[in-house]
Amino acid sequence: MKYSLKKKRSKMIYILPISIIAGCIIVSLVVMNAFGFGKSGSDQHTADSNSVTTESGSDNVTTTEQETETTAPQSEHTNPKDAKAAEELEKSSENRVYLTFDDGPSSNTDEILDILKKNNIKATFFVIKRDDPESVARLKRIYDEGHTVALHTVSHDYPLVYADMDSYKKDVDGIKSFVDSTLGINCKFYRFPGGSSNTIYKHYGIKDIHECIDYLNSIGVEYFDWNISNSDSEGKKYTPEQLAENVETYIGDTGVYNILQHDAPAKKNTVKSLQLIIDNLKAKGYTFCQITDNTKPVHHHIS
């Protein structure tokens with residue numbers, strides 16, 4: 001009997017510490033699991049992330065919230081702002097007119113935008129770099145109201161623009177950088193000061209306008225000339241009615257026309273002629289479009 005009690009006590013001596021140690025381990029594991037200790041870095045990232053990962057080799061990959069945001073149907077920074085709608089409108093008619101305005105923005109731009117809004121028409125503005133607060137506000141208004149913003153020049157000073165290729169590149173880069181940074185877009189549409197067929201450049205350092213065209217191509221910019229003008233830049237003082245008649249005279253009953261006009265500060269009669277031009281073109285059944293990535297450019301013949 002005494003031997004049996006001794007044997008039991010001996011077993012208890014060994015069992016009790018083991019039980020205590022095992023209990024401590026279990027408690028520790030419970031605490032560590034509750035507070036997230038002991039997980040690998042990747043497991044912890046998975047636990048804290050909103051994304052769901054799948055095992056290697058699985059074909060079912062769940063898209064994260066971040067990926068969903070970056071695959072939106074259309075960027076808010078397209079040019080024009082609603083590029084898809086503008087492109088669809090282009091496809092809807094074979095008889096199209098593109099109202100384009102050079103040399104703004106100015107106070108005349110405000111009135112032109114008001115007229116376009118009233119008629120639910122979008123246009124294209126080939127802008128000059130004017131960085132005063134009023135001009136910047138007008139540039140943003142052009143874009144915010146859904147029109148196409150296009151590049152023209154920094155200075156419109158022919159001797160400076162066409163002095164040599166370095167000067168030309170500086171002018172193009174200057175207006176592009178200004179527009180892109182102001183509006184948060186990648187502007188890819190351009191109009192030469194004087195048009196691509198101008199011979200003014202020959203009086204300065206550039207020997208061949210194709211050098212300029214090659215540079216535009218190298219930076220992903222397309223140039224657009226025109227095939228009708230209201231003649232508001234010819235130096236003659238046309239009345240609003242005469243400006244509208246100049247467009248009426250040269251436009252056919254069918255076709256695609258890129259109409260040159262100006263919204264520079266002095267072009268008051270251009271503003272006054274715009275509603276007359278719109279009414280005439282509506283009567284002919286034309287669709288009013290704006291330049292997009294899908295627009296076939298008008299190019300002048302270059303001698």
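**Ground rules.** Helices (H or I, at least four residues) and strands (E, at least two) are DSSP runs, numbered from the N terminus. I am looking at a predicted model, where local features need pLDDT of at least 70, side-chain atom pairs count only at pLDDT 80 or more, and totals for chains, interfaces and linings use all residues. Residues are numbered from 1 along each chain as its sequence is written, and side-chain values use heavy atoms, with hydrogens and water left out.

**Overview.** I counted up the elements and got eleven helices and eight strands in the protein. Next I checked burial, where buried means under 20% relative accessible area, exposed over 50%, and partly exposed in between (1.4 Å probe, protein chains only). Of the 303 residues in the protein, 42% are buried. I also looked at contacts, meaning heavy atoms within 4.5 Å. Among contacts in the protein with a separation of 6 or more, 78% come from residues 24 or more positions apart.

**Strand β1.** I started with β1, residues 96-104, and found nine of its nine residues buried. Which strands does β1 pair with? I used the rule that two strands pair if DSSP finds at least two bridges between them. Strand β7 (residues 256-262) runs parallel to β1 and is joined to it by seven bridges; there, Thr100 has Leu260 as its bridge partner. Strand β8 (residues 287-289) is also parallel to β1, over three bridges, and Val97 is partnered by Phe288. Strand β2 (residues 124-128) runs parallel to β1 too, with four bridges, and Phe101 finds its partner in Phe125.

I then followed the chain onwards. β1, helix α5 (residues 107-118) and β2 make a β-α-β unit, and it is right-handed. That word means that, with the strands pointing away from the viewer, the path from the first strand over the helix to the second runs clockwise.

Where are the cis peptide bonds I noted? One runs from Asn79 to Pro80, with omega near 5 degrees, and Pro80 sits in the loop between α3 (65-70) and α4 (83-91). Another joins Gly104 and Pro105, with omega about 5 degrees; Pro105 belongs to the loop between β1 and α5.

Buried or exposed? Asp103 is buried, at 13% relative accessible area, whereas Asn120 is exposed, at 67%.

**Helix α6.** I took α6, residues 133-144, as my helix to check. Its twelve residues reach 16 Å from first C-alpha to last, close to the 16 Å expected at 1.5 Å a residue; the expected span is 1.5 Å times one less than the number of residues. Its buried residues are Ser135, Val136, Arg138, Leu139, Arg141, Ile142 and Tyr143. They pack against α5, β2, β3 (148-153) and α8 (165-183). After α6 comes Gly146, with a positive phi near 95 degrees.

**Aromatic rings.** Rings of Phe, Tyr and Trp (its six-membered ring) pair if their centres lie within 6.5 Å; planes under 30 degrees apart count as stacked, over 60 as edge-to-face and the rest as tilted. How many aromatic pairs does this rule give? I get ten. In one of them, the ring centres of Tyr168 and Tyr190 are 6.4 Å apart and the planes are at 90 degrees, so the pair is edge-to-face. Tyr168 lies in helix α8 and Tyr190 in strand β4 (residues 189-190), so this pair ties together parts 22 residues apart in sequence. Both Tyr168 and Tyr190 are buried.

I noted Tyr257 and Tyr286 as well: their centres are 6.0 Å apart and their planes at 75 degrees, so this pair is edge-to-face. Tyr257 is in strand β7 and Tyr286 in the loop between α11 (268-283) and β8, so the pair ties together parts 29 residues apart in sequence. Tyr257 and Tyr286 are buried.
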